[in-house]
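Please read it alongside the sequence and the structure.

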Amino acid sequence: MAPPLGNDVHTTRPEHRHTRRSVLAGLASLGALGAAGCTRVASASGKDGGDLLERLRAQGVVRLGIAGEIPFGYIDRDGNLTGEAPELAKVIFKRLGVDRVQPVPTEFGSLIPGLNSQQFDVVAAGMYVNPERCEQVIFADPDYQMLDSFIVRKGNPKGLHSYRDVVAKKAKFATGTGYAEIQYAVEAGYEESDILIVPDQVAGLNAVEAGRVDVFAGTALTTREVVKKSSKAEATKPFTPLVKGEPHTDGGAFAFRATETRLRDAFNGELRKLKKSGELLRILRPFGFTEAEMTDLTAKELCGG
């Protein structure tokens, strides 16, 4: 889920700029590690695809930009770095000859600026790939894809299975701050001014359970995880939103500075092996990912060709 480029802040995007969903759980524990974001990495040369991979091998550690977002990249209650992206990074970078990863916590909106200002080596935050971001960084191929889903009352009394259903049935609709789902609902014909904006999926669940709204829209992964302990709400079957009338699937990936094509290509090589062997799913499964989130999407496709 990720904010638009530039300052990359969480705002509604009139041009289909996808956001990463900003889950606040886990942010408090980032404080102890926050100082790591103040140390800059050495500037890399763009000649022949950059030399960052060689330098990382020499120093034995790669710095990962994370945004404290469960389940994508965060510090757990015991102070350990985890999440789907960091755990995947640990495996791939070890295979590339880099034994350790070091978290550099920051706000989600600071990930791309922080990467390009040398504060860390790679963004490991499950960031959505979209054309706006592709103008500022280069992406590995997506390690997951993501469909949408709704949180509704048990039994889905209004029969809501798509954004068009929400519009047709005049349902009270909510989603999260800066979520891509805002634009999906607007494109389906929902008035943006009528959308209830809440901080995250937990607040969305609470709004549905309390009857303040009929539906909360989020990713299939976050909705199914948050309703597990609810006796009043359920998640709908995942579905593909429409963008300009066409089905659209989002994909999340690691981001690299534009000069570091050698590192990105080496990373992609190992990622392809993990996909082929099925190990990628084994790495991501503890964070709620399923076979439905595995993908053969490429960064080139999501960047617009």
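A residue counts as buried when its relative accessible area is under 20%. On that basis, buried residues make up 55% of the 305 residues in the protein chain. The model is predicted.

**Overall make-up**
- The protein chain comes to eleven helices and 15 strands.
- Of the contacts in the protein chain with a separation of 6 or more, 72% are accounted for by residues 24 or more positions apart.

**Helix 2 against helix 9**
- Helix 2, residues 84-95, packs with helix 9, residues 261-277, at an angle of about 110°, and their axes are 10 Å apart.
- Angles of 65 to 115 degrees count as roughly perpendicular, so helix 2 is roughly perpendicular to helix 9.
- The crossing of helix 2 past helix 9 is right-handed.
- On the helix 2 side, the contact is made by Leu 88, Val 91, Ile 92, Phe 93 and Arg 95.
- On the helix 9 side, Leu 263, Phe 267, Glu 270, Leu 271, Lys 273 and Leu 274 take part.
- Sorted by class, this contact of helix 2 with helix 9 has eight nonpolar residues, three charged residues and no polar ones.

**Ile 92 within the helix contact**
- Ile 92 belongs to helix 2 and is buried, its relative accessible area being 0%.
- Leaving aside residues up to four places away in sequence, Ile 92 touches Phe 267, Glu 270, Leu 271 and Leu 274.
- A separation of 9.4 Å lies between the C-alpha atoms of Ile 92 and Gly 269, which are 177 residues apart along the chain.

**Aromatic pairs**
- Rings pair if their centres lie within 6.5 Å, and by this rule there are 13 aromatic pairs.
- One of them joins Phe 72 and Tyr 144: the ring centres are 5.6 Å apart and the planes stand at 35°, so the pair is tilted.
- Phe 72 lies in the loop between strand 1 (61-66) and strand 2 (74-75), whereas Tyr 144 lies in strand 7 (residues 144-146), so the pair ties together parts that are 72 residues apart in sequence.
- Phe 72 is buried, with a relative accessible area of 0%.
- Tyr 144 is also buried, and its relative accessible area is 0%.
- Elsewhere in the list of aromatic residues, one aromatic cluster is formed by Phe 150, Tyr 163, Phe 173, Tyr 184, Tyr 190 and Phe 239.

Methods:
Residues are numbered from 1 along each chain as its sequence is written. This is a predicted model: local features need pLDDT of at least 70, side-chain atom pairs count only at pLDDT 80 or more; totals for chains, interfaces and linings use all residues. Side-chain values use heavy atoms; hydrogens and water are left out. Rings of Phe, Tyr and Trp (its six-membered ring) pair if their centres lie within 6.5 Å; planes under 30 degrees apart count as stacked, over 60 as edge-to-face and the rest as tilted. Helices (H or I, at least four residues) and strands (E, at least two) are DSSP runs, numbered from the N terminus. Buried means under 20% relative accessible area, exposed over 50%, partly exposed in between (1.4 Å probe, protein chains only). Axes are lines fitted to C-alpha atoms, for helices over the stretch in contact, and angles run from 0 to 180 degrees between N-to-C directions. Angles under 35 degrees count as roughly parallel, over 145 as roughly antiparallel, 65 to 115 as roughly perpendicular and the rest as oblique. A crossing is left-handed if the near helix is turned anticlockwise from the far one by less than a right angle, and right-handed if clockwise. Contact means heavy atoms within 4.5 Å. Ala, Val, Leu, Ile, Met, Phe, Trp, Tyr, Cys and Pro count as nonpolar, Asp, Glu, Lys and Arg as charged, and the others, Gly among them, as polar.
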